[in-house]
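This report concerns a single structure, shown below with its sequence.

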Amino acid sequence: MKKQDKPIRSICVYCGSRPGAAPEYMRAGKALGAAIATAGYGLVYGGGTKGIMGAVAEGVLENGGHVLGIIPEFLVDMEATRDQLEALDELMITPDMHVRKHTMFERADAFVALPGGIGTLEEIVEIMTWAQLGRHTKPMILGDIGGFWQPMIELLDHMLKEGFLHTSHQVRPQLIANVEDMIPAIEAGWAETADDDGDARIIGKM
């Protein structure tokens, strides 16, 4: 495949609005945010200022990066505080989850899922589904902090064995445990996969 000419602009991070049980989750969130900013990329995320979401945004902002938060109106007071939202470089308040997720997809060039709950799982699975359906070829990473995503990999392996993942090479994100390896993996994936015209990774309308 030919090298992608269009630069990466922003990386979408899906993660929990709670800190989780292991301290390493929050450390990983802040470290990933710092790595995104240091590499010169922007962050696209769910707009929360609490938990791992807040740690990622904080890591970007503390290192001079750009943060775009996208959050539905009904979640503003659940996953964020309005005064902390003012610290973001850009904030989009959407009418519902559907608009939020679609906007995050459109504004991001790659996706990383750190530890999180059902919402995080649903978001990365939807991106995987769109990849399987041939709607995009953007890099996808499961941030396997402390082995968090191992049960997910076991499930994917089971689906493949049972004959349901006919395009497993498209649907399966890279599994990366170390934050320092995530940005290089995204850059390598971006360079290796391109459409015939070398433009953006969205194929048709979503």
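Predicted model: local features only at pLDDT ≥ 70, side-chain atom pairs only at ≥ 80, totals over all residues.

## Sheet

The sheet is open and consists of 7 strands with parallel pairing. Read across, the order is E4-E3-E2-E1-E5-E6-E7. At the edges stand strand E4 (90-94) and strand E7 (174-176). Each has a single partner strand, so one side of each lacks a neighbour in the sheet. From one strand to the next, the twist averages 20°.

Strand E1 covers residues 10-14 and strand E2 covers residues 42-45; the two pair in the parallel sense over 4 bridges. Cys12 has Val44 in E2 as its bridge partner.

Helix H2 (residues 51-62) lies across E1, E2 and strand E3 (67-72). Relative to E2, helix H2 runs at about 160°.

## Cysteines

How many disulfides does the structure hold? The number is 0. For Cys12, which is in no disulfide, the nearest cysteine sulfur is that of Cys15, 9.1 Å away. Cys15 is likewise in no disulfide, and the nearest cysteine sulfur to Cys15 is that of Cys12. A disulfide requires a pair of cysteine sulfur atoms within 2.5 Å.

Are these residues buried or exposed? Cys12 is buried, because its relative accessible area is 0% and the cut-off for buried is under 20%. Cys15 has a relative accessibility of 7%, so Cys15 also counts as buried.

Technical notes: Residues numbered from 1 in each chain as written. Heavy atoms only, no water. Buried < 20%, exposed > 50% of the residue type's maximum accessible area, 1.4 Å probe, protein only. Pairing = 2+ DSSP bridges. Axes fitted to C-alpha atoms, helices over the stretch in contact; angles between N-to-C directions. Contact = heavy atoms within 4.5 Å.
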